[in-house]
Amino acid sequence: MAQLWGGRFTKETDQLVYNFNASISFDQKFFRQDIEGSIAHVIMLAKQGILTKEEKDEILKGLTGIRQDVEEGRLQITQEYEDIHSFVEANLIERIGDAGKKLHTGRSRNDQVALDMRLFVRLEVLHVDELVKTLLQTLVFVMEEHVETYMPGFTHLQKAQPVTLAHHMGAYFEMFKRDRSRLKDIYHRMNYCPLGAGALAGTTYPLDRNYTASLLGFEGPTFNSMDSVSDRDYVIEFLAALSTIMMHLSRFCEEIILWNSNEYGFVEIDDAYATGSSIMPQKKNPDIAELVRGKTGRVYGALFSILTTMKGIPLAYNKDMQEDKELTFDAIDTAKGCLALFEGMLRTMKFHAEVMEKSAAMGFTNATDAADYLVGRGMPFRDAHSVVGKLVLYCIDRKCSIEDLSIEELKEISPVFEEDIYEVVNIKTCVERRLTVGAPGPEAMRKVIEMYKDYLAKDWQDEDQIDIPR
């Protein structure tokens, strides 16, 4: 068993205890971050005169060699090590001898693991942000194509008023735009370096924590050593943001599943993003949408797990915090996979505009406009509401739309109706007359789309985010 401690103990750890305690099976995921943090630490130690230049060069050569050998498959991370920190340090000592034993000067595994997790999460925030941005670009593309694709808007899953597909997609643009805002907030709030906090009370070595923080791309060092090693707020915030992203994806998927059904027929999912039945040859199932909807609960589970883990932990570091990793790693991978698959499904989806428009017409989504027509001719709104309610009931009995009725039939219900009612209740007219900011009218919608395109273009040129390593 390769361990970084042992002088205090007189016998070996029980194997079951060792296995239960070890984290190498999952924390090996951030071996690059562990080596990156060690490199910065060593450079700072040499700058402060704690290491000689020769020792620094020797250790850096050893660390970069380990990283390269792992990446190229010449060195395997195995279960004989307790964690990724002991793997790196043990291999370093084996390669360069006593100089490697100085790597851990002025730091603890507590601030080391806090740094590794922070570096890992910080990078993943950027990766998720990139995927959300790609989805937003696809949404804008769909919106531009469907500014005049008319469809019913729903409340309570009942047809309510006519909108456009562009307007419907714009609602999701706003959701995912807010998600990006949350990710950026998290990035800046977490971007402070815990290295140098030691086990919980700092160190007597003359460390330059500002210098280490700058080497690692942080805005500065953390300001309380106890909080530095016991803070997992950024993990909780990131999992909360991922949960919200997944909730938005799940809502979107639920609608696509409905729209893909025979009863709706609004969309057709591309063959590459659907599956068939083992027994029913006619089936084309929206499995990707259903799986994204299902995996949302998996991400929620990770959030509730870390909240529950952290709720009863006293200061400072406790071994419970090792539980911050596995479910977080899984939640990140799950959310990233769902974002990528959903974007591809949306990008290749076919929308049946004529079916959508017919559904809007047959669903009496223009009933409010008919009531407004009567109000415009002097009828009190409550009376107009009652008249149009009777009109809808009349149409339901005859299985027709308002537009299908003759002017004589309309006048039997209310003599206020005139020939111009047909233009007013035309689905296209109903939408085009809605021109306030945020409404579905084509003119208002095109202005919003341009704003969205400016938002995406400006963000590409925003240099306040670091480059994302590949």
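I first looked up a nonpolar surface patch of about 270 Å², made by Leu200, Met226 and Leu315. Leu315 lies in the loop between α11 (287-310) and α12 (326-348); at 62% relative accessibility, Leu315 counts as exposed (over 50%; buried is under 20%, 1.4 Å probe, protein chains only).

The model is predicted: local features need pLDDT of at least 70, side-chain atom pairs pLDDT 80 or more, while totals for chains, interfaces and linings use all residues. Residues are numbered from 1 along each chain as its sequence is written, and side-chain values use heavy atoms, without hydrogens and water.

I next counted 12 aromatic pairs, with ring centres of Phe, Tyr or Trp (its six-membered ring) within 6.5 Å; planes under 30 degrees apart are stacked, over 60 edge-to-face, the rest tilted. Phe173 and Tyr452 are stacked, because their centres are 3.8 Å apart and their planes at 10°. Phe173 is in helix α7 (residues 165-190) and Tyr452 in helix α19 (residues 442-460), 279 residues apart. Phe173 is buried at 0% relative accessibility, and Tyr452 is buried at 6%. I also noted a tilted pair, Phe252 and Phe342, at 4.8 Å centre to centre and 55° between the planes.

Lastly, I found the charged end of Lys177 over the ring of Tyr455, 5.1 Å from its centre (the criterion is NZ of Lys or CZ of Arg within 6 Å of the ring centre and within 35 degrees of the ring normal). Arg398 lies over the face of Tyr394, at 3.5 Å from the ring centre.

Key
Patches are made of residues with over 30% relative accessible area and no salt bridge: like charges are joined within 9 Å, nonpolar side chains (Val, Leu, Ile, Met, Phe, Trp, Tyr) within 5 Å. Accessible areas come from the Shrake-Rupley method with a 1.4 Å probe; for residues, only the protein chains shown count as cover. A salt bridge is a side-chain nitrogen of Lys or Arg within 4 Å of a carboxyl oxygen of Asp or Glu. Helices (H or I, at least four residues) and strands (E, at least two) are DSSP runs, numbered from the N terminus.
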